[in-house]
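Biologist: Please take me through how a model of this kind is read, feature by feature, with the general idea before each case.

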Amino acid sequence: MALYSDTVMDHFLHPRNVGSLSDADAVGEVGNARCGDIMKMYLKIEDGVIADVRFETFGCGSAIASSSMATEMIKGKSIEEALAVTNKEVVEALGGLPAHKLHCSVLAEEAIRSAIRDYFERNGIPYDKSRFPEAEEGSCCRMV
Amino acid sequence: MKRIYADNAATTRMSRRAIDAMLPYLDTAYANPSSLHSAGQEAAEALRRAREEVAACLGAEPKEIVFTSGGSEADNQAILSAAALGERKGKRHIVSTAIEHHAVLHTLKKLEKQGFSVTLLPPRENGVIPPEEVERAIREDTCLVSVMYANNEIGTVEPIREIGAVCRARGVLFHSDAVQAVGHLPVNVKEDGIDLLALSAHKFHGPKGAGVLYARAGVPLVSLIEGGAQERGKRAGTENIPAIVGMAAALREACEKREEVNARLLPLRDRLIEGLSRIPRSALNGDRTARLPSNVNFCFEGIEGESLLLLLDQKGICASSGSACTSGSLDPSHVLLAIGRPHEVAHGSLRLSIGEDFTEEDADYVIAAVSETVAYLRGISPVWQECLAGKRPFILP
Ligand SMILES: Cc1ncc(COP(=O)(O)O)c(C=O)c1O
Ligand SMILES: [Zn+2]
């Protein structure tokens, strides 16, 4: 399999933290079925730390692998640390993605942010809205 | 692990006969057919024989056969030639369909930029282009109708003979991209009323990079490649003799074995269709019967096609999909959208195209593997989970 690196294939074939959390403290969903990628992230947050995380993804191999990698990167981290995770870091941790597949991984970063914003909203925690740009309605997964 | 190759619409394995036919021309019989010496004349003789064989398989005359680098080139040349002829007569309208291969669609786009107007007919839900619709779309200034013989994605076989008759009656040139049909269906250019036809060797167990443009005698062609006088001045460049000889051998074999092969494939195709139809919220794409004997194409709600393909590959199954992520574009297959599948569902498509070596056990293995993999992907799909929870409507029945 030359399309994806061994790390991508490992995360795609054996996704970590896959599933849902019925007692999640926050849920974020990004993407659009029309575009072929939806990512949903569930967080359990204790004392400002991401104690547990699960994801569900409708999407291609790189979308599923990126979701899986992203959950590993934020588990056990503080909210601030999780918010600092970028799409670029996820892709690097995966050992890279083919250029035309990068856009499928953007959702990982967005899903983390969307879930954390949900946490802030649910708990009435004030936050800087400019750090959570809304995805443009109707626009498909953007190319990067 | 055994590999099950179910992607014959993408390309086929070369037949032993075709390889054996080619070998001497890669080895000892390497001369240029344009050379005067006896070695060259042996190559010219091979070229002549290949042309006769190909013509015979299509019901054409040898002089109506132009060898090309494949199906794409033949489609390009056919359409551009008809357009050039139309241009001279002040006819700048072309009728085609929304489900053509990009070799046709992109050529038409190019002509639109040059001032041609193009009507792309939408198919019925089963992928069929009704001949009445073709008839209705033809105008005074129509110079060409281009309708594919069989669709490469959903396998629908078009009513070519009826469309050919419409074109003949209206005096409009008729081109058919028969890349998926030749060698698999009884194509006969005269009986089908086809003026221009494209075929590709690698779709019927011949070599890649070889194809044919059939142009009925009297239909003038424009040359896409200028240079020497090969192919009667219609396609310059020293002929790819090994590939042409291999193509002719493969085509003759495919035509000889066609009925026997199809009789084997048909029940296997139908077994796959029945088995995969048992997957909940799945839908067959294309017509149930007006369909290539090799083609099976389904949409499965709630999943994405590329991840399905990758997992099937792990189980030894080679297939394809019309999802955006397999095409490198942002949109799923234009064919699935044209037959009315919403984007959400079109992303979850699977095409299986079986070949002669496919067995009943393979079919059962594929059915089990696809059912299992679709269930697994639905298990981790937020779309499917939300549908199950009633938060999102199901699209497929
Ligand atoms: C319907 C159709 N037309 C044209 C082509 C292009 O043929 P080739 O690959 O020989 O250029 C293909 C194959 O990809 C096809 O399926
Ligand atoms: Zn993708």
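Modeller: Let us begin with burial, where buried means under 20% relative accessible area, exposed over 50%, and partly exposed in between, with a 1.4 Å probe and protein chains only; at 15% relative accessibility, B:Arg51 therefore counts as buried. This is a predicted model, in which local features need pLDDT of at least 70 and side-chain atom pairs count only at pLDDT 80 or more, whereas totals for chains, interfaces and linings use all residues. Residues are numbered from 1 along each chain as its sequence is written, chains are lettered from A and ligands numbered from 1 in the order in which they are written, and side-chain values use heavy atoms, with hydrogens and water left out.

Biologist: Where is B:Arg51 found, and with which residues is B:Arg51 in contact?

Modeller: Helices (H or I, at least four residues) and strands (E, at least two) are DSSP runs, numbered from the N terminus, and B:Arg51 belongs to helix α2 (residues 38–58) of chain B. Contact means heavy atoms within 4.5 Å; once neighbours within four places in sequence are left aside, B:Arg51 is in contact with B:Pro62, B:Ile65, B:Val66, B:Phe67 and B:Glu231.

Biologist: How does one read the side of a helix, and which residues are buried in helix α1 of chain A?

Modeller: An α-helix has 3.6 residues a turn, so residues three or four places apart point the same way. In helix α1 (residues 6–13) of chain A, the residues A:Val8, A:Met9, A:His11 and A:Phe12 are buried. They lie on the same side of α1(A) because they cover an arc of only 165° around the axis, the arc being that of the directions from the helix axis to the C-beta atoms. The buried residues of α1(A) pack against α2 (61–74) of chain A, and also against α9 (305–314) and α13 (360–379) of chain B.

Biologist: Which residues line the largest cavity?

Modeller: On a 1 Å grid over the protein atoms alone, a cavity is a set of points where a 1.4 Å probe fits but cannot get out, and lining residues have an atom within 4 Å of a point. Grid points are joined across faces, edges and corners, and a volume is the space filled by probe spheres set on the points. The structure holds 1 cavity of 30 Å³ or more, and the largest cavity has a volume of about 40 Å³. Its lining includes A:Thr57, A:Phe58 and A:Ile64 from chain A, and B:Glu304, B:Leu377 and B:Ile380 from chain B.

Biologist: How many disulfides are there over all chains?

Modeller: A disulfide is a pair of cysteine sulfur atoms within 2.5 Å, and by this rule the count over all chains is 0. B:Cys255 is in no disulfide, the nearest cysteine sulfur, that of B:Cys57, being 3.8 Å away. B:Cys255 is partly exposed, with a relative accessible area of 24%, whereas A:Cys104, at 0% relative accessibility, counts as buried.

Biologist: Turning to the backbone, is B:His205 buried or exposed?

Modeller: B:His205 has a positive phi of about 70° although it is not a glycine, and its place is in the loop between β7 (196–200) and β8 (211–215) of chain B. With a relative accessible area of 17%, B:His205 is buried. A:Asp47, likewise not a glycine, has a positive phi of about 50° and is found in the loop between β2 (37–46) and β3 (49–58) of chain A, but A:Asp47 is exposed, with a relative accessible area of 81%.

Note on methods. 1 Å grid on protein atoms, 1.4 Å probe; cavity = no way out; pocket = protein on both sides within 12 Å on 5 of 7 lines; lining within 4 Å.
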